Amino acid sequence: MTPKKGNGRRKIKMQKLENESNLYVAFAKRRPTLFQKASELCILCGAEIAIIVFSPTRKLYSFGHPSVEIIGDRFLTQTSQTSSSSSQLVEAYRNTNIYELSRQLTYVLTQLEVEKKKSEELTNISKQGIGNHPWEAPIENLGLQELEQLKLAMEWLKNEIEEQKKRIVAVEGGYTQLLDSVITMTHGFNMGNGHVNR
């Protein structure tokens with residue numbers, strides 16, 4: 001007799017099986033292997049493992065070392081600690097942001113106070129008339145920059161005065177010459193008969 005040839009071992013493509021009976025058979029064969037491998041991992045490595053599996057028919061299977069409940073409780077506790085530590089990180093970040101914003105606010109308030117003082121000084125200067133006429137301010141109250149500005153203003157004013165003086169002298173000189181010629185003409189003119197004496 002010839003031996004019966006079977007399909008042998010063949011690689012199964014990793015996707016969900018379409019045939020429902022094949023699906024149940026594959027689950028029934030592979031679930032014990034999964035639990036066996038988990039048990040070997042516990043023995044060889046001292047790992048604590050919990051596996052919870054629902055079959056295609058929604059039946060529950062579980063494996064745990066030391067037990068599923070102990071591992072489940074530890075997982076839930078650690079998850080809540082992780083979330084609390086993450087909330088602590090969020091809180092620390094928030095506090096850092098609040099500190100930075102508070103520092104910036106303090107700096108801005110300090111700058112605001114400095115600007116208020118400057119504004120008050122300018123108001124006082126304006127009330128004393130220094131803002132409109134710097135030369136009326138007491139010199140001892142002026143700073144170096146204000147003194148320099150006053151010096152430039154005075155020099156400009158001096159130049160303007162000199163120019164105005166020149167214009168006036170030129171105009172007055174012209175008037176003087178014009179007046180002299182008018183006087184000369186009127187002396188030669190006899191007002192009584194309208195004749196000019198020559």
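Where is Arg 58 found? Arg 58 sits in the loop between strand 1 and strand 2, and I'll come back to that spot.

Quick housekeeping. This is a predicted model, so to speak: local features need pLDDT of at least 70, side-chain atom pairs count only at pLDDT 80 or more, and totals for chains, interfaces and linings use all residues. Residues are numbered from 1 along each chain as its sequence is written, and side-chain values use heavy atoms, with hydrogens and water left out.Okay, the overall layout. The protein has 3 helices and 2 strands, and along the sequence they run α-β-β-α-α. Helices (H or I, at least four residues) and strands (E, at least two) are DSSP runs, numbered from the N terminus. Of the 198 residues, 9% are buried. For accessibility, buried is under 20% relative accessible area, exposed is over 50%, and partly exposed is in between, with a 1.4 Å probe and protein chains only.

Now the hairpin. Strand 1 and strand 2 pair in the antiparallel sense over 6 bridges; pairing here takes at least two DSSP bridges between the strands. The two strands form a hairpin with 5 residues between them. Back to Arg 58, then: its phi is near 70°, which is positive in a residue other than glycine. Most residues other than glycine have a negative phi, and most peptide bonds are trans. Arg 58 also counts as exposed, at 68% relative accessibility. Pro 66 is in the loop between strand 2 and helix 2 (68–127).

Strand 1 (residues 49–54) has two faces: Ile 49, Ile 51 and Val 53 are on the covered one, while Ala 50, Ile 52 and Phe 54 are on the uncovered one. Val 53 has Tyr 61 in strand 2 as its bridge partner.

That brings me to the rings. How many aromatic pairs does the structure hold? There are 2 aromatic pairs. The cut-offs: rings of Phe, Tyr and Trp (its six-membered ring) pair if their centres lie within 6.5 Å, and planes under 30 degrees apart are stacked, over 60 edge-to-face, and the rest tilted. Phe 27 and Tyr 61 make a tilted pair, 5.8 Å centre to centre with 50° between the planes. Phe 27 lies in helix 1 (residues 20–45) and Tyr 61 in strand 2 (residues 60–65), so this pair ties together parts that are 34 residues apart in sequence. Then there's Phe 35 with Phe 63: their ring centres are 5.9 Å apart and the planes are at 25°, so that pair is stacked. Phe 35 lies in helix 1 and Phe 63 in strand 2, so here the parts tied together are 28 residues apart in sequence. Phe 35 is buried, at 12% relative accessible area, and Tyr 61 is partly exposed, at 21%.

Tyr 61 has another neighbour: Arg 31 lies over its face, at 4.0 Å from the ring centre. The test is NZ of Lys or CZ of Arg within 6 Å of the ring centre and within 35 degrees of the ring normal. Arg 31 lies in helix 1 and is partly exposed, at 21%. Arg 31 and Val 53 are 22 residues apart in sequence and 8.5 Å apart in space, C-alpha to C-alpha.

A pocket is an open set of points on a 1 Å grid over the protein atoms alone, where a 1.4 Å probe fits, with protein on both sides within 12 Å along at least five of seven lines; lining residues have an atom within 4 Å of a point. Among the lining residues are Ile 12, Met 14, Lys 29 and Arg 30.
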